[in-house]
Number of protein chains: 2
Amino acid sequence: VSQSQAQALLVDKGNHRHFMAKEIHEQPEVVGHTLASLVRFETNEIELPELPFDFAAIPRLTISACGTAYYAGLVAKYWFERWARLPVEVDIASELRYRDAVLDPDGAALFISQSGETADTLATLRHCRDQGQAIVSVVNVTESSIARDSDLVLPTLAGPEIGVASTKAFTAQLTVLACLAIAAGKARGVIDEAREKELVGALGEVPRHMASLLRDETPYEEVGHALSKARDVLYLGRGQSFPLAMEGALKLKEISYIHAEGYAAGELKHGPIALIDENMPVIVIAPRDGLFDKTVSNMQEVAARGGQIVLISDAEAGEAGCELAGHLKVPVVDPFVTPLIYAIPIQLIAYHTATLMGTDVDQPRNLAKSVTVE
Amino acid sequence: VSQSQAQALLVDKGNHRHFMAKEIHEQPEVVGHTLASLVRFETNEIELPELPFDFAAIPRLTISACGTAYYAGLVAKYWFERWARLPVEVDIASELRYRDAVLDPDGAALFISQSGETADTLATLRHCRDQGQAIVSVVNVTESSIARDSDLVLPTLAGPEIGVASTKAFTAQLTVLACLAIAAGKARGVIDEAREKELVGALGEVPRHMASLLRDETPYEEVGHALSKARDVLYLGRGQSFPLAMEGALKLKEISYIHAEGYAAGELKHGPIALIDENMPVIVIAPRDGLFDKTVSNMQEVAARGGQIVLISDAEAGEAGCELAGHLKVPVVDPFVTPLIYAIPIQLIAYHTATLMGTDVDQPRNLAKSVTVE
C-alpha cells in the first residue's frame, strides 16, 4: 500500500474540528519521527544518508522553494551560516528560475516542497540540475516528481497534510534542515562533537516543548478574538525570527483573509511605521536571545505610536517595557530551536482568528493545496 | 559653502505643492547629471574612479541598505548577475549586521544611503570593514559618516531631498548601480564594448523617457482617486520589477498610510491570493520583457477572483487578456532600464493617492527623513 493510497483511506479529523487543528497537534509526534530518522539518540549524533556532494567542498548552497517552504529555507539560511559558515542563497522558486542566477559550478541546490509537485519548484530544480548542481530535496511525498528528480531525498515524516495552510509540514521541514545544518557544521569543521551533541539535544527537546505549548489554547483564543476584528496586521521579528514573522503573516492571510505582513523589526522605522495606529495590531516574535533588546526597542517605537502589541516570547510581560495588548508565553529553549517552537503560536493565532471569523479553515478561498501550475 | 548649508539656504518647492512633487519632477535632470558623472557620452563608455577592488577578482558582492535604498540594491542584484555574472547578496542592514553572515575574505561590500547617516547601514558598513571587506558606498551627502568610512564613494547627484519618502535619490542610486554593473560586466569579460555602448545608450535615453512620462499626470490622478478609497493594496512584479513592486508598496505605505504590500507575482498563488476580493486593488508592474507572459498569467488569476487590476506596462490594455481598472502606459524602453522608468509611475501613484487623501506628503506621520537610530 503506497503512501497516497493510505492518504485516501486513513485520514480523518480525529477529535478535531478541522484538519488544520489536528495537524497542528500532530507536530510533537511528526517532529519526533522526523528527528528519529536523522539522529542517533543514544549519542545525540546526526546520521544522514550519503550526500551527493561534500559539505566541506561546496562554496555555497542554493535553496529554493515557494510559500511556507520558502520561509523554512530562510530559517535554514541563518542556521547554515551560523553553524556551518556556509554561504546560502535562498530564492523564491519563480524568481530563481528566470533571473539568470549565477550558480557555482561545484555547487549544490536544495529544494523544499510538501507535495513534491510544486510546479515552480520542480521547474527550478530542473534548471539547477541542467546547470550541474547536485540536487537534494526535502519533501513530504516521496513518490513525487521533485523526489524522483533529486540526487537525494530527505523526507519529512509528517504524514498526509490535508489543511491547505501548511503547519506540520513546515516544522518537519525545519527539523530536516536543522539536522542538515548540524551535519554541514561538522563536515566543515565549524562545530565539534560536543557542540553537535548540544544542538541535537536541543532538537530532541522540541517535541516536549511543543506539546506543552499545545496543552492550553485559551491565550490564543483571546488573541484571536482581538485579531478577528482587525483588517490589517504587522508581524515583526529579527534574525531567525524574521522568516517566522513572514510565515505567521502568511498563515493569517491564507485562512483569515486578514492582510498581515511580515517585516524585519529593524526595517519598520524605514517606512512601514507610518502605518501604525490603534487599528493595526502588531505581533512581535522576540525570543530572549541576543537580539531581544533590539527587537524590544523596535516594539517600543510601535507602542509609542499607539500600536496594539501582541508579544510572543519566553520573556515576562514586564520585560517588554511597554503596554501589551497580548502576551503569549513560550517555554525557554535553546536559541537554536526557537523557529520550531515559535511556529506553534503563529499557527494557533491564525487558526483561532480564522475559526472565530467563520472562514473555511481547511479549504480557504482561491487556494489549492498543491500548486501544480506556474 | 558646503552642501548642507546650501541645503538650508536654497531649497524651495518651486511651482510645486510639495517637495515630493518637485523632487519627482527633478528626476530627468538628476539622473542625467549622475549619469554624466560616470559616463563618457562621446563613446557611450563607463568611466569610473579607481575601485578599491578588482571586479574580475571578487567572488561575490555584498550589498546592504535600508528601506528604499535596499530596494535599489535588490534591483542591482539582477543587473550584476545578468550583466556581470557576479553573485550578489543583498541584505537589510539591520539583518546583515546580526546574522553571522559569511563574508568572502577577498570580498567587497557596497552600501547605499541617501543621507549617508543611516544608523543601521553605517553600523553594518563598519562590521564589514572589520571583516576585511573593501567598502564602496553610494550616498547623496558626500560629507556624511558613511562616505567618510568608505574606501570609495560614488555620489548620487540628486541634490537635497526634502520629502521624507525618497524619490529622486532612488533613481539616482539606480543610475549609479547600473553604471557599476556595466563596469563589472566589462571587467569580468561578460560584456564586450558593443554591448557596453548599447547599455550605456539605453541609460542615456532614460531622462528623455522620464520627462515624457512626467508630462501628463492625469492618468495617475485617476488611479489615485480609486486607490484613495482602498485600505489595502497588493503590488506585483517579477524579476527586476519585483523590487519595484516592493518600492511602490513602500511609497504608498509611507505617504498614504494604505497597507500596500509588494509580492513576487509568481508567489501570489502560494498564499496571498486568498486575500483577493473586489476591495483589494492589485497593481501589476509588467514591462513587455521576457517575463511579460508569466506576469500576465498571474494577473489573470487575480482578475478571475474579482481583483481590481491596475496595469503599469508598455503593452496595450488589450494585451492584458482581462478587464483592467486602470492602465498606465509607459514608453517602450530597453529592458535593462525598466526599473528606472517604472519608478516614475509608482511614485506618481503614491503621490496622487496621498494628496487626494489629504495626508502630509512631505512629512508623513511617525517618519524621519534620516534614521540615525537603530
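Let's start with one pair of side chains: B:Lys253 and A:Glu261 come together in a salt bridge, 2.9 Å from N to O. Please keep in mind as you look around that this is a predicted model.

Which parts of chain A supply at least two residues each to the side that touches chain B? They are helix H4 (67–84), strand S4 (88–92), helix H5 (93–96), strand S8 (232–237), helix H11 (241–256), strand S9 (259–264) and helix H12 (292–304). H4(A) gives the most, with six residues. Sorted by class, this side of chain A has 30 nonpolar, 12 polar and 24 charged residues.

Now for the extent of the interface. In all, 66 residues of chain A are in contact with 66 residues of chain B. The area buried between the two chains is about 5500 Å², and carbon and sulfur atoms give 51% of that. Of the area that chain A buries against chain B, 11% is supplied by A:His259, A:His270 and A:Asn366, more than by any other three residues.

Finally, turn to the nonpolar core. The largest one has 244 residues, and A:Phe80 and B:Phe80 have the most contacts inside it. To see the surroundings of B:Phe80, leave aside its neighbours within four places in sequence: its contacts then include B:Phe55, B:Leu61, B:Ile63, B:Leu86 and B:Val88. B:Leu177, B:Leu180, B:Ala181 and B:Ala184 are also in contact with B:Phe80, as is the side of B:Arg85.

Key
Residues are numbered from 1 along each chain as its sequence is written. Chains are lettered from A and ligands numbered from 1 in the order in which they are written. This is a predicted model: local features need pLDDT of at least 70, side-chain atom pairs count only at pLDDT 80 or more; totals for chains, interfaces and linings use all residues. Side-chain values use heavy atoms; hydrogens and water are left out. Contact means heavy atoms within 4.5 Å. Buried area is the accessible area (1.4 Å probe) that two parts lose on being put together, summed over both. A salt bridge is a side-chain nitrogen of Lys or Arg within 4 Å of a carboxyl oxygen of Asp or Glu. Helices (H or I, at least four residues) and strands (E, at least two) are DSSP runs, numbered from the N terminus. Ala, Val, Leu, Ile, Met, Phe, Trp, Tyr, Cys and Pro count as nonpolar, Asp, Glu, Lys and Arg as charged, and the others, Gly among them, as polar. A nonpolar core is a set of buried Ala, Val, Leu, Ile, Met, Phe, Trp, Tyr and Cys residues joined through side-chain atoms within 4.5 Å. Buried means under 20% relative accessible area, exposed over 50%, partly exposed in between (1.4 Å probe, protein chains only).
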